[in-house]
Amino acid sequence: SIVNPQLRTGYHFHPPKNWINDPNAPMYYKGWYHFFYQYNPKGAVWNNIVWAHSVSRDLINWVALPTALRPSIPSDRYGCWSGSATVLPDGTPVIMYTGINHPDINYQVQNVAYPRNKSDPLLREWVKPSHMNPIIVPERDINVTQFRDPTTAWRAAADGQWRLLIGSATDGGSRGAAYVYRSRDFRRWTRVRRPLHSAPATGMWECPDFYPVSSDDDGRRRRVGLETSVPSGPRVKHVLKNSLDLRRYDYYTVGTYHRRAERYVPDDPAGDGDGERRVRYDYGNFYASKTFYDPAKRRRILWGWANESDTAADDVAKGWAGIQAIPRTVWLDPSGKQLLQWPIEEVEALRGKAVTLGKTIIKAGHHVKVTGIQTAQADVEVSFEVSPSALAGAERLDPALADDAERLCGVKRADVKGGVGPFGLWVLASANLKERTAVFFRVFKAAAGSSNKHVVLMCTDPTKSSLNPNLYRPTFAGFVDTDISNGKISLRTLIDRSVVESFGAGGKTCILSRVYPSLAIGNKAHLYVFNNGRADVKVSRLIAWEMKKPVMNGAKI
Ligand code: DQQ
């Protein structure tokens, strides 16, 4: 294997070995966080899919439980695919998931599973009542191979009916769609003929997610998440997320849920289109995500899967593939246009030894090493400042690239000198700097007539992350919808051996990237602040913490 075993992540969720993909049915039950995920018990490639199950008190330390769902009934004999949990008003948690019932084609139906023993807070055993399953089958107008991934259900107080979404596609598979199913008793489900929402040329919508959000706090500056059944209203919007199989990215829009019409209308219709206005949870490696409402801390938490960027042969050789991103609290940005995301506060319990950098000018073309801690596993928070007058030296934005952050970053990589930026971090860097992953901002002059005077690009450039060949090393990028006229912008990066997970401008733009250094491993991994622009950049404050290792699914109960 070209991938060193020491690159196995530490504090990002993972099982001891084998393949993992989508997060499934996250929920809070009797004091425990439950997490299920798509898992291959027999190897490090996608196959033999079952639901693995882990529990945690804090979303950081995890204990593995026995497999929750494995093929066992005619309607899931060939696979237990993704699904979600709903906690019924009497406290019963129900899982609904997609079963494959055919050996040759991925014929999809939905099944339910109930805990054998509701008084077991660990919910160790799940039963699939035979008189109920399959609970939903595709009707004649639905493509049976594009009908999967039921969401958590919500219930409208007005009529007492449950609703959930199932991902699909119409128009011969080209038009992505999310169908609403309704039920009075959580047993008999009927489809609302017109989808809740659909969009042309987006292909199959995998793993839809649909939930209310607000930007309110609890009066003590804590963001409040909303339970899934809260309706759209004056201070409440809805988010619809779909995982586009065609692109392998998770896109969402913010809009309004019209319950009576059973329709969702995005505020910005262009958000559904193909252009720049499409927003993503993460502009890097992050897919098939799912949120849940945490009643214990009144917040909404986002889980997302990050796969590997090495080769399948490497995955087999190293025996593992796939991790989950750090769970993120999500809430509505006060602009109402997008979400903000931040690592759950519990991550901070892993912070150990710290180093800080006070006010430091990083001169044009210079870099500064952050020393005193190991940084192969670290949490780094940094605030940058560019003098407002220096912003005049920002580069012009090539109109041909103005809509396409990813292409822009592909052209303007970390090593391409700029006006204001590129500035940011080199992480997982070798002592000779032959290996380094750059996470950075780059400021451009906005086109005349734009609302802000500047356009801010956030980018992760892994092209120099490893001397090893055969790695997938795409540059990842997103625009940051922020007004930088005061010159200030912040960055937080979680480093975990082969993960670089970054949150720009307080969680406006996020990028997760997988890298596999050959030199920058363990104590040989270093951290720098760099500035490859013509304007000086001030670090007003940088703190980096070493991260401790949590309990990660090592022992089974
Ligand atoms: N993964 C599951 C499907 C889902 C896809 C199968 C998304 O249910 O559509 O492992 O990654």
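**The hairpin of β1 and β2**

Strands β1 and β2 form a hairpin with two residues between them, and K30 in the turn has a positive phi of about 45°. A strand here is a DSSP run of E of at least two residues, and a helix is a run of H or I of at least four; both are numbered from the N terminus. The model is predicted, and local features need pLDDT of at least 70, side-chain atom pairs count only at pLDDT 80 or more, and totals for chains, interfaces and linings use all residues. Residues are numbered from 1 along each chain as its sequence is written.

β1 covers residues 18–29, and β2 covers residues 32–40. The two run antiparallel and are joined by seven bridges; two strands are said to pair if DSSP finds at least two bridges between them. Within this pairing, P23 stands opposite Y37 in β2. β1 also pairs with strand β22 (residues 320–321), here in the parallel sense and over two bridges. In that pairing, W19 stands opposite A321. Strands of a sheet pair through backbone hydrogen bonds, either parallel or antiparallel.

A residue is buried if 20 or more other C-beta atoms lie within 10 Å of its own, exposed if 12 or fewer, and partly exposed in between, with C-beta atoms placed from the backbone.

N48 has phi near 50°, a positive value in a residue other than glycine. N48 is partly exposed, with 15 other C-beta atoms within 10 Å.

**Around the ligand**

β1 also takes part in the shell around the ligand: β1, β5 (80–87) and β15 (205–213) each supply at least two residues. The residues that come nearest, of 13 in total, are Q38, W81, S82, E206 and A288; near means that the C-beta atom, placed from the backbone, lies within 6 Å. By class, the shell has four nonpolar, five polar and four charged residues. In this count, Ala, Val, Leu, Ile, Met, Phe, Trp, Tyr, Cys and Pro are nonpolar, Asp, Glu, Lys and Arg are charged, and the others, Gly among them, are polar.

**From β5 to its sheet**

β5 belongs to an open sheet of four strands, with the order β5-β6-β7-β8 and antiparallel pairing. β5 and β8 (126–127) stand at the edges with a single partner strand each, so one side of each has no neighbour in the sheet. The partner of β8 is β7 (residues 108–115), and the two pair over two bridges. Y114 has V127 in β8 as its bridge partner. The loop between β8 and β9 (147–148) holds P134, which is joined to N133 by a cis peptide bond with omega about -5°.

Over residues 346–546 the chain is 3% helix and 47% strand.

The largest nonpolar core has 154 residues, and those touching the most other members are L425, V427, V456, L457, A477, L527 and V529. Strand β31 (residues 420–429) gives the most to this core, with seven residues. A nonpolar core is a set of buried Ala, Val, Leu, Ile, Met, Phe, Trp, Tyr and Cys residues joined through C-beta atoms within 7 Å. Not counting residues up to four places away in sequence, the contacts of L425 include V380, L491 and L527; contact means C-beta atoms, placed from the backbone, within 7 Å. P422 also lies in β31, and a cis peptide bond with omega about 5° joins it to G421.

L491 is also touched by G504, and the C-alpha atoms of these two residues, 13 residues apart along the chain, are separated by 4.7 Å. G504 is found in strand β36 (residues 499–504) and is buried, with 27 other C-beta atoms within 10 Å. A505 lies in the loop between β36 and β37 (509–514). A505 has a positive phi of about 50° although it is not a glycine, and it counts as partly exposed, with 19 C-beta neighbours inside 10 Å.

Notes. Two residues are in contact if their C-beta atoms, placed from the backbone, lie within 7 Å.
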